[in-house]
Amino acid sequence: MTQLTRRAMLSGATAAALSPLAAPLPVPAATPPTGKQAPGIYRYKVGEFECMSVNDGARIFPMPDGFVRNVPKEQALAAAEAAYMPKGMVTVPFNPQIINTGSKLVLIDTGFGPTPNAPIGLLVANMNAAGLDPKQIDIVVISHLHPDHTNGLKTADGALVFPNAEIKVPAQDWAFWMSDDNMAKAASDEMMKNYFANTRKVYAGLMDKVTKYEWGKEVAPGITAVAAPGHTPGHTAFAVASGSSRILIQSDVTNIPELFLRNPDWHIAFDVDPQLAAQTRHKFYDMAAAEKALVVGFHFTFPSIGHVEKDGAGYRLVPVAWNPTL
């Protein structure tokens, strides 16, 4: 009786490989790798409203010094690495929302707009993939005037991307960023100086066409502006309600949830008033957790929707499961 040993198996495998009748090696596929993702689109319902999270891309970059102002950089890097971000790096996605109320097609935030040689500025391409023409948008609602939320209003040559839309911005943010006095005070802060200059560039020629909205008011049917200051003076979240259903679009109440949702008292470099931003985070997420509300985050990982639960001194995000039906 032949014993089945490792030596016998190896010698048999060698003989088979040398045999002229041995099976040929597999031939690599002729189709080249795609090198990019499929369109980032996720539809969901809020009562009778059909909504869509549309990915504008994501940035992965080395964490700058001072990215978190009030903790050592090593602590912030450890939190990012614990969330499986590439070592030394942070990942920030961007996800505008489209709400079809039945009477109006509403876009909340516009993303970066044209950004050559960067994996961002994908909103229009992903809208087209979903069968939507930017000309169909009735209302563009801006949560605050930071570049990643407002630059997508215009093409590279300055034309309007959403030519038929009414543009609505928070009144308090407009007053802050359009103030010459505030701009002069920010002259020594490079980031803030660039923000002021960018706001004026984006809204050049639109000053008389922009509608300023107030907190506590509807910006579109079923969409109410919610005060969420701190990130910017007029930073706004939104409550979207239809029938008995409601979700909260948090805009930038937190940036990277793995860092600032888990640690709501950390101060990200982009917050104009870090203390007020931290107070807003606690207030907003205590409300969301108590309501067990669905929360949509501009900088949450796509499709950017989940529930927020209290977790010790902070909070944690529980992403929704992908639902193939509406």
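On a 1 Å grid over the protein atoms alone, a pocket is an open set of points with protein on both sides within 12 Å along at least five of seven lines, whereas a cavity is a set of points where a 1.4 Å probe fits but cannot get out; lining residues have an atom within 4 Å of a point. Grid points are joined across faces, edges and corners, and a volume is the space filled by probe spheres set on the points.

The model toured here is predicted: local features need pLDDT of at least 70, side-chain atom pairs count only at pLDDT 80 or more, and totals for chains, interfaces and linings use all residues. Residues are numbered from 1 along each chain as its sequence is written, and side-chain values use heavy atoms, with hydrogens and water left out.

**The whole chain**

Begin with the C-alpha trace, which spans about 90 × 45 × 45 Å along its principal axes. A cartoon view shows nine helices and 16 strands; helices (H or I, at least four residues) and strands (E, at least two) are DSSP runs, numbered from the N terminus. Of the 326 residues, 47% are buried, where buried means under 20% relative accessible area, exposed over 50%, and partly exposed in between (1.4 Å probe, protein chains only). Contact means heavy atoms within 4.5 Å. Among contacts between residues at least 6 apart in sequence, 66% join residues at least 24 apart.

Select Gln37, Ala38, Asn55, Gly57 and Leu122, which lie nearest the centre of the largest pocket among its 17 lining residues. This pocket has a volume of about 520 Å³. Strand β3 (57-62), β4 and α3 each give two or more residues to its lining, and β3 provides the largest share, three residues. The lining of the largest pocket divides into nine nonpolar, seven polar and one charged residue; Ala, Val, Leu, Ile, Met, Phe, Trp, Tyr, Cys and Pro count as nonpolar, Asp, Glu, Lys and Arg as charged, and the others, Gly among them, as polar.

Proceed to the second largest pocket, which holds about 370 Å³ of space. Of the 13 residues that line this pocket, Phe112, Pro114, Asn151, Asn198 and Lys201 are the closest to its centre. Helix α7 gives the most to the lining, with three residues. By class, six of the lining residues of the second largest pocket are nonpolar, five polar and two charged.

**The nonpolar cores**

A nonpolar core is a set of buried Ala, Val, Leu, Ile, Met, Phe, Trp, Tyr and Cys residues joined through side-chain atoms within 4.5 Å. In the largest core, of 32 residues, select Ile98, Met127, Ile137, Val140, Phe162, Val169 and Tyr203, which touch the most other members. Elements giving two or more residues to this core include β2 (49-54), β6 (105-108) and α3 (123-129). The most comes from α7, with four residues. Centre the view on Ile98: beyond its neighbours within four places in sequence, Ile98 is in contact with residues including Glu50, Met52, Leu107, Met127 and Ile137. A second, separate core has 21 residues, among them Tyr42, Ile223, Val240 and Ile247.

**Helix α2**

Next, select residues 73-82, helix α2, in which Ala76, Ala79 and Ala80 are buried. These three lie on the same side of α2 because they cover an arc of only 100° around the axis, the arc being that of the directions from the helix axis to the C-beta atoms. The buried residues of α2 pack against β4 (89-94) and α8 (257-261). Turn to the face away from the buried side to find the exposed residues Glu74 and Ala82. Following α2 is Tyr84, whose phi is positive, near 65°.

**The cavities**

The structure holds two cavities of 30 Å³ or more. The largest contains about 50 Å³ of space; to display its lining, select Asn95, Gln97, Ile108, Asp109, Ile249, Ser251, Val296, Gly297 and Phe298. Strands β13 (245-251) and β14 (294-297) each give two or more residues to this lining.

The second largest cavity, with about 30 Å³ of space, is lined by Pro170, Ala171, Gln172, Tyr213, Glu214, Trp215 and Thr236.

**Ala171**

End at Ala171, which lies in helix α5. Ala171 counts as buried because its relative accessibility is 16%. Leaving aside neighbours within four places in sequence, Ala171 is in contact with Lys212, Tyr213 and Glu214. His235 is 64 residues from Ala171 in sequence and 9.8 Å away in space, C-alpha to C-alpha.
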